[in-house]
Amino acid sequence: MQQVRQNPAVQQMSQQPQRNAPARRSAPPQNKSSKKKKDPNRVRFWSFEGRADVPMLVITLVLLAFGITMMFSAGHAWAYQKEGNSFHYIMRQLPAAGLGLVGMFLLTFFDYRFLRHEFTFGRGKWHFTLAHIILIAMMFLNFLCLPFGIAATQGGQKRWLPAPIVGSFQPSDLLKVAVIVFLAYYIHKNSDQIRRFWVGLVKPGMLFLAIVAIMVGIQWHISGTLIIFLIGAVMLFVGGVNVKPAVLMLLLAVGIMLVAIQLSGINYFEERFAAMDPLYDPGDTTYQNNQAAMAIGSGGIWGKGFGNSSQKYYYLPEAQNDFVYAILVEEFGLIGGLIVIILFLFFIFRGFQIARSAEDKFGCLLATGITFQIGLQALLNIAVNLSAVPNTGVSLPFFSYGGTALMIQLWEMGLMMSVSKRAKLK
């Protein structure tokens, strides 16, 4: 049979794959929402993931409500005498509390890790973080107390700076927070070398020497310096610093300080320790301690009742400030005083739980520093009211009068809530 020869063009087309047939199976269409899903580990300014710790929030709000109520009860008599208005202190404290709560709410949705996020400049040769900026700014504000500071009393140390809205504020309160944030960043950054002598002790020691020079040399703020020093020591210990050389350096520093005090002839500390006895000089140097002891002793088990304190009527000076706890015990008795102590113990316990369960070391150290600072101030203030330690001038967190201090404490709690959102809490 004769074979039919095909056209070469037709033969070539038959060998090629059909154009209409798909070469491979097309991928299924992707959901648009999956493309927009954010990486949970990415550091950003705002973070709406997670849930803030409810027990810590409840404890904070209870302390705030109880504290503002007691501050009004303890200070309305002095407010009437000094300002002619019994509501003067409470009307200044409430706006500060409102601003503090707004700041706490906003900081709850702030990603705390952004504080340690490094920004580079100079073609990557240098870097800085918000922790650096905050520390430098707060140290500068404390330095401004020397030329522009306001003294609480005539001839007193200048520890306050004037402000257009709040009237005045104490920069040392902000410096405490700056030290906590910066140390948390520093230890997190150098966690693999923190046991080395230079990295773990010498560099932080140089920082604290600069802070001590500002706090003591300019303001003579012994209690603030002591609190900052203890905060740093605890954070370095939690961060894993080598303990043996740290203890030796601490003993050496204390020895040098005692020798310097003896050679200078300053009897500041001797007077403070002598004033621990309320009967040492009740007509002059220990008058305030003596009146606080009378308030606590007259409260008994159940107290005189809310608003029925006698010592707040011009017997106990500045009852709305450092000695508000004495008025609280007088009105609510031993039971009320124990309830406040238990609330602060719950606060400390929950704060350390958040620190232990934090996602990273920076969050752990941040929560540790905030918890220790507020807990230490509460312990020192209550101990002063009970004449267990010398009068240090440390206020009671959430209770003592002071708008800027209350705002800062609530803002710190906002950072704590931000850490708790990413913590693995039970």
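Start at E318, which sits in the loop between helix 12 (287–299) and helix 13 (324–356). Keep in mind as you look around that this is a predicted model. E318 isn't a glycine, yet its phi is positive, at about 50°. Is E318 buried or partly exposed? With a relative accessible area of 32%, E318 is partly exposed, because buried would call for a value under 20%.

Now hop along to S387, in the loop between helix 14 and helix 15. Here's another residue that has a positive phi without being a glycine, this time about 60°. S387 has a relative accessibility of 16%, so it counts as buried.

The helices on either side of that loop turn up again elsewhere.

What about helix 15? Follow it to the second largest pocket, which has a volume of about 350 Å³. This pocket is lined by 14 residues, and the closest to its centre are L107, L115, I134, V177 and L415. Three helices, namely helix 5 (130–143), helix 7 (171–189) and helix 15 (403–422), each supply at least two residues of the lining. Which of the helices gives the most? That's helix 15, with 4 residues. Sort the lining by class and you get 13 nonpolar residues, 1 charged residue and no polar ones.

Strand 3 (residues 150–151) pairs with strand 4 (residues 158–163) in the antiparallel sense, over 2 bridges. To spot this pairing on the model, find A151, which stands opposite K158 in strand 4. Strand 4 also pairs with strand 5 (residues 167–169), again in the antiparallel sense, over 3 bridges. Here the landmark is P162, standing opposite S168 in strand 5. While you're tracing these, a general rule is handy: in a regular strand, side chains alternate between the two faces of the sheet.

Notes:
Residues are numbered from 1 along each chain as its sequence is written. This is a predicted model: local features need pLDDT of at least 70, side-chain atom pairs count only at pLDDT 80 or more; totals for chains, interfaces and linings use all residues. Side-chain values use heavy atoms; hydrogens and water are left out. On a 1 Å grid over the protein atoms alone, a cavity is a set of points where a 1.4 Å probe fits but cannot get out, and a pocket is an open set with protein on both sides within 12 Å along at least five of seven lines; lining residues have an atom within 4 Å of a point. Grid points are joined across faces, edges and corners, and a volume is the space filled by probe spheres set on the points. Ala, Val, Leu, Ile, Met, Phe, Trp, Tyr, Cys and Pro count as nonpolar, Asp, Glu, Lys and Arg as charged, and the others, Gly among them, as polar. Buried means under 20% relative accessible area, exposed over 50%, partly exposed in between (1.4 Å probe, protein chains only). Two strands pair if DSSP finds at least two bridges between them.
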